[in-house]
Amino acid sequence: NGHAKALLQSAMDDAAQQGKHGLVTVVGTQKFNFMSDTKWLLRQGFKDVERTPDGFSLLVKKLSEDAPDPAFKDIVK
């Protein structure tokens with residue numbers, strides 16, 4: 001019914017109003033039942049910017065391509 005896309009658009013609009021660079025989420029590179037749906041987020045324009053050896057990825061959807069890429073802290077790696 002498009003509820004997920006509407007919610008994502010609402011989050012993007014809210015981030016823009018707050019002057020943020022975009023949205024960031026942690027997802028599983030493997031299938032973890034408690035994690036967000038990686039494939040769906042990638043189809044919505046999120047980009048995979050970093051991965052950990054333990055099977056997690058950092059996805060970002062930027063409001064501006066000039067925005068810096070987020071990164072995991074060294075302790076996470």
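Two strands count as paired when DSSP finds at least two bridges between them. By that rule, strand β2 (residues 47-51) pairs with β3: four bridges join them, and they run antiparallel. The model described here is predicted.

**Overall make-up**

The protein has two helices and three strands. Along the sequence, the pattern reads α-β-α-β-β. The C-alpha trace spans about 35 × 30 × 15 Å along its principal axes. Of the 77 residues, 29% are buried. The accessible surface comes to about 5600 Å². Carbon and sulfur atoms supply 50% of that surface.

**The sheet**

In what order do the three strands lie in the open sheet? The order is β1-β3-β2, with antiparallel pairing. β1 and β2 are the edge strands, each pairing on one side only. From one strand to the next, the twist averages 30°. Helix α1 (residues 3-17) packs on this sheet. Helix α1 touches β1 and β3, and its direction makes about 135° with that of β1.

**Strand pairings**

Strand β1 (residues 22-28) meets strand β3 (residues 56-62) over seven bridges, in the antiparallel sense. Two positions in this pairing can be named. Leucine 23 stands opposite lysine 61 in β3.

| Residue | Opposite residue in β3 |
|---|---|
| Leucine 23 | Lysine 61 |

**The hairpin**

β2 and β3 form a hairpin. How many residues lie between the two strands? There are four residues between β2 and β3. Glycine 55 sits in the turn, and its phi is positive, at about 100°.

**Contacts and charge**

Among contacts with a separation of 6 or more, 48% join residues 24 or more positions apart. The side chains include 11 positive and 10 negative ones. The centres of these two sets lie 5 Å apart.

**In brief**

The open sheet has β3 between β1 and β2 in its strand order.

Technical notes
Residues are numbered from 1 along each chain as its sequence is written. This is a predicted model: local features need pLDDT of at least 70, side-chain atom pairs count only at pLDDT 80 or more; totals for chains, interfaces and linings use all residues. Side-chain values use heavy atoms; hydrogens and water are left out. Buried means under 20% relative accessible area, exposed over 50%, partly exposed in between (1.4 Å probe, protein chains only). Contact means heavy atoms within 4.5 Å. Accessible areas come from the Shrake-Rupley method with a 1.4 Å probe; for residues, only the protein chains shown count as cover. Lys and Arg count as positive and Asp and Glu as negative; His and the chain ends are not counted. The place of a charge is taken as NZ of Lys, CZ of Arg, CG of Asp or CD of Glu. Axes are lines fitted to C-alpha atoms, for helices over the stretch in contact, and angles run from 0 to 180 degrees between N-to-C directions.
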